[in-house]
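This report was prepared for a reader who wishes to inspect the chain alongside its coordinates. Please consult the sequence and structure shown here.

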Amino acid sequence: MARKKTRRKSSKRKSRKHNRSRAGLVIKLLMVSFVIFAAYAIYLDIKVTRHFEGKRWALAARVYATPLDLYPGLPLTKRQLSQYLKRLSYKPVRQVTRPGHFAAGSVRMDIHTRPFQFWDGKSSGGLLSVYFDNGVISRIVDSVSNKAIPLARLEPVLVGSFYPVHNEDRILVRLDDVPPALIKALLITEDRDFYGHFGLSFRGIARAMWANIRAGGAVQGGSTLTQQLVKNFYLTDERTLRRKFNEAIMALLLEYHYDKNEILEAYINEVYLGQDGRRSIHGFGLASQFYFAKPLNELSLTQAALLVSLVKGASYYNPRRHPQRARARRNLILDTMASQGVMTKQQAKKAARASLGVTPTVPGATSRYPGFMELVRRQLRRDYREEDLRSEGLRIFSTMDVFTQDSSERRFSASLDLLESIKPQQGGTLEGAAIVTNTANGEVLALVG
């Protein structure tokens, strides 16, 4: 009996010792795992903060023609001024009520100019009236003060751009410049709890699933805007658990370090919204120009809803290629906004009847003036690196006069056609070039060929 008790006690001691050994091993494994996770989290934290605080985007350099200065005595007809304003995507209306509108009368043209950042300062824009007399500007009046002014400057025509090597293009906007209707549509559709969650929203995922089931289609997304920004900003599109894990951790870190409005502004400038050949359209600022040929702050409610609809799938809901899909998605967003009290059901129904409003043709990514652009590029290369031209978002104001350039191109083409008709060339066509300069200072006003 004594031997049996001794064996039992010995067996119990060995069992307890074995259990303690296993517990110790588990603790060590947990500690090692914690250290590895902490180290990996620190690595992700450094990645998040460095990229977010540094230069976030490579921005295209944009080349502009010389601005149009209006003053009494300038030989300019209403037709010429109207064509110039249309080149700037100003809209002819009966009565001017907002920036980007103009109205032409018998002897007067009312223009609401847009704000624009010139090389010597920013113009806030405003309402002015231009009077004509026999093809000459006779008077310019500030419509607010009703006083005559000696000079008014219109923004210049965009000549072309030098795009980043990866062909991403965007126009950066501040959150204050984004229409409230667009922000409301974006948050209601993509992340209703944006200002309440900490980067992840389990309630948002559940609500999105329920909303999609009720609607019979995808109305809301489950990922937060912060997660979407992390995926677009830092990660690839691979569908793996590792990528989703990184996305969740980085979303938490991003929310820890930065203000909600900073994150929202970054998202608005980063999100992919279309494709133009090899050039990808990123951010709502450029998308507004690409689809509607107007600045973001001039969008209507229905246009803002249409841009938000592209977040789900810019190619699938492309309003130029698939107008019915785009309309259905836009109207779904309008209905969601009505259900959340942002607008009434009657307003949503009225908005749903509106046309998509996109421009029929895509604003060209390539310049209408390749010869002049090449001249600009050659001169800039003397002072800037090619990398800077394609990434620093330079605003380059050239000496091109669009009236002179367009006139030179028409006359040049007519002259070549005339010469060809007189003596047709055998085995080829005539080629040539033309350059127009300002005799006073040597500035190049136009270049053809």
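## Overall composition

The model is predicted. Its protein chain contains 14 helices and 18 strands. Of the 449 residues in the protein chain, 43% are buried. The accessible surface of the chain amounts to about 26,000 Å², of which carbon and sulfur atoms supply 53%.

Among contacts in the protein chain with a separation of 6 or more, 65% are accounted for by residues 24 or more positions apart.

## A three-stranded open sheet

Three strands, in the order E12-E1-E16, form an open sheet with mixed pairing. Strand E12 (158-162) and strand E16 (395-397) are the edge strands, each pairing on one side only. From one strand to the next, the twist averages 20°.

Strand E1 (residues 61-64) and E12 run antiparallel and are joined by four bridges. Within this pairing, Arg62 has Ser161 of E12 as its bridge partner, and Tyr64 has Leu158 of E12. In general, the strands of a sheet pair through backbone hydrogen bonds, in either a parallel or an antiparallel manner.

Why is E12 described as largely enclosed by the rest of the structure? Four of its five residues are buried, that is, under 20% relative accessible area, so the rest of the structure largely encloses E12. Helix H12 (residues 370-380) lies across E1, E12 and E16, and runs at about 50° to E12.

## A nonpolar surface patch

Phe198, Phe202 and Leu252 form a nonpolar patch on the surface. Together, these residues have about 330 Å² of accessible area. Phe202 is located in helix H4 (residues 202-215). The relative accessible area of Phe202 is 63%, which is over the 50% cut-off, and Phe202 is therefore classed as exposed.

## Lys349 in helix H11

Is Lys349 buried or exposed? Its relative accessible area is 58%, so Lys349 is exposed. This residue lies in helix H11 (residues 345-352).

Lys349 and Asn331 are separated by 18 residues in sequence. In space, the C-alpha to C-alpha distance between Lys349 and Asn331 is 8.4 Å.

How values were computed
Residues are numbered from 1 along each chain as its sequence is written. This is a predicted model: local features need pLDDT of at least 70, side-chain atom pairs count only at pLDDT 80 or more; totals for chains, interfaces and linings use all residues. Side-chain values use heavy atoms; hydrogens and water are left out. Patches are made of residues with over 30% relative accessible area and no salt bridge: like charges are joined within 9 Å, nonpolar side chains (Val, Leu, Ile, Met, Phe, Trp, Tyr) within 5 Å. Accessible areas come from the Shrake-Rupley method with a 1.4 Å probe; for residues, only the protein chains shown count as cover. A salt bridge is a side-chain nitrogen of Lys or Arg within 4 Å of a carboxyl oxygen of Asp or Glu. Helices (H or I, at least four residues) and strands (E, at least two) are DSSP runs, numbered from the N terminus. Buried means under 20% relative accessible area, exposed over 50%, partly exposed in between (1.4 Å probe, protein chains only). Two strands pair if DSSP finds at least two bridges between them. Axes are lines fitted to C-alpha atoms, for helices over the stretch in contact, and angles run from 0 to 180 degrees between N-to-C directions. Contact means heavy atoms within 4.5 Å.
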